[in-house]
Amino acid sequence: MKKLKKTMALALAGALVVAMAVPAMAAPGDFTGTAETTITAKDVVAGDSVNYIQLVEWDATTSDWKLTTDGTSCGVSLANLVDGISEEEAGTIATNVTATGTAMTAGDPATTFTATVNPGLYYLKAIPATGNKDTLYNPAFVSADYYDGGNEISFGSTYEDSTVVKKSTVPFDKEVNSTSDTFKDVKPGDTVPFKVTTTIPAFGSSFTNPKFSVTDVLSTGLELEGNVSVQYGENTVTASNADVTITPNSDKSGYTVEFSKGYLTGLNGATPNVEITYSAKVTTAGENNVTYMDNKATLTFSNTPSTNVSKDDITRHYTFAIDGSLLGQTGKEGSELIKTGTDANGNILTENKKTYHGTEVSALNGATFKLVGTGALEGVEKTAQSDGNGRINFDGLDAGTYKLTEESAPAGFVKDTREFTVTITPTYSTDPATPDLLVSYEITITAPASGNTPAYNGGATFNMTNDGGVTVTSSEESASNFINNTQGAELPSTGGMGTTIFYIIGIILVVGAGVVLVSRRKMRAQQ
């Protein structure tokens, strides 16, 4: 009889089931409570950890179940614990039990954890690793029985009496809202469409004050244009309501979207997708060879009942310049397009000698150029004049092809009549960790032969250095392109008599000779 009672007690204890529904636990019996068994937690993100806290244990003195110290303070009675835990009761336990717990052992695969324990009811805390900003865990519960293999719980399952899952993934992505690949490089006046997507996780009742918000910060050179639209579940709004607050920055530098506590706690396990769409206008050209715009959106959400975590995503856009400052670095300026001058014999003038990339030239001031976009850049037109160093600065340029012409040469020089083709060709990173990151770009300038002037084909390449894959911090230029003006025969008078007076005298003499000749013929005719 004694052996039968012990067997029945073991069988009843083994009836403790996994997850949130824990039926009546074993009746009093002869069991001493010293036997050990195992509990297992599955479907945990690799790298995360799981701790366990015992809430109910076997009392060998009374041959009955009793609350542990942590179980006594959990806020749920022993009768309810052994009769099955609801999702609301799970929230109460998670709120009241503050103990860290004992670490379970990671197994193979690394998504499974085990612990050798005494019989009872255990509260499992899955803890996201510091680098895991994608996962939220609700509490889970498992009972320990005496059968080979023990009991296990999956964090991928739901509570038995609700649709709340024990684990939720929280994706987050910011991207250009277009299938076109033309928004990596932009120019002032362009409008860039953006889209931010994410999913609200299943905040169980243990999350008494959940947070879920998106903050988007536009870099200098971009500003909001129009409304921010938020689609969540079946709803789409462009203004704040009871569910969500939409707050554009007063200076149009970004916005914040935040969901209310009431909405988040009332989802009852639903995990609606969220899509935020808006447009931003490129406003400034910048003076740098590369004006970079790293636009960062940040999602902040509760990943445990007591902590929040933030994750970012970035889009990158660039405008280019010719002969601009190299990324704003003091004392460093681009020299891709240099206006030079020589005398009529092709000799370098001595007035303003400069050396660019090992080549000595005479920088020419005051030549005027026009740059006109072609193809997709049709309508873009800019003018610039060479400075005292021969540099010709055009800023706020999109990548693509332009036509460059010299409109006027400095006094005393013959302008170059050729039409130059200027092409800006960027190369972007293909590494998924640094999407759209500018690696290098090239400015090439070509022109056909004209008279005695040979065809021209030159280029300058910039290799970029980036800080942590986020911002461009330096660039190295490889060459300069020299466009020359030559002192010409149509030089203005420099103070002498010049040739005009001789032309006038010659004309008068010719006319006079003609008059004399005609007069003589008339006189002969009269004789």
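Start with the second largest pocket of this predicted model, which holds about 340 Å³ of space; a pocket here is an open set of points on a 1 Å grid over the protein atoms alone, where a 1.4 Å probe fits, with protein on both sides within 12 Å along at least five of seven lines, and its volume is the space filled by probe spheres set on the points. Select Asp416, Thr453, Asn484, Asn485 and Thr486, which lie nearest the centre among the 13 lining residues, a lining residue being one with an atom within 4 Å of a point. Then colour strand β34 (residues 481–487), the source of the largest share of this lining with 4 residues, strands being DSSP runs of E, at least two residues long, numbered from the N terminus.

Residues are numbered from 1 along each chain as its sequence is written. Local features need pLDDT of at least 70 and side-chain atom pairs count only at pLDDT 80 or more, whereas totals for chains, interfaces and linings use all residues, and side-chain values use heavy atoms, with hydrogens and water left out.

Finally, colour by pLDDT, the predictor's confidence in each residue from 0 to 100: the chain mean is 83, and 82% of residues reach 70 or more. Over residues 1–29, however, pLDDT stays under 50. Where pLDDT is low, the predicted coordinates should not be read in detail.

Methods
Contact means heavy atoms within 4.5 Å.
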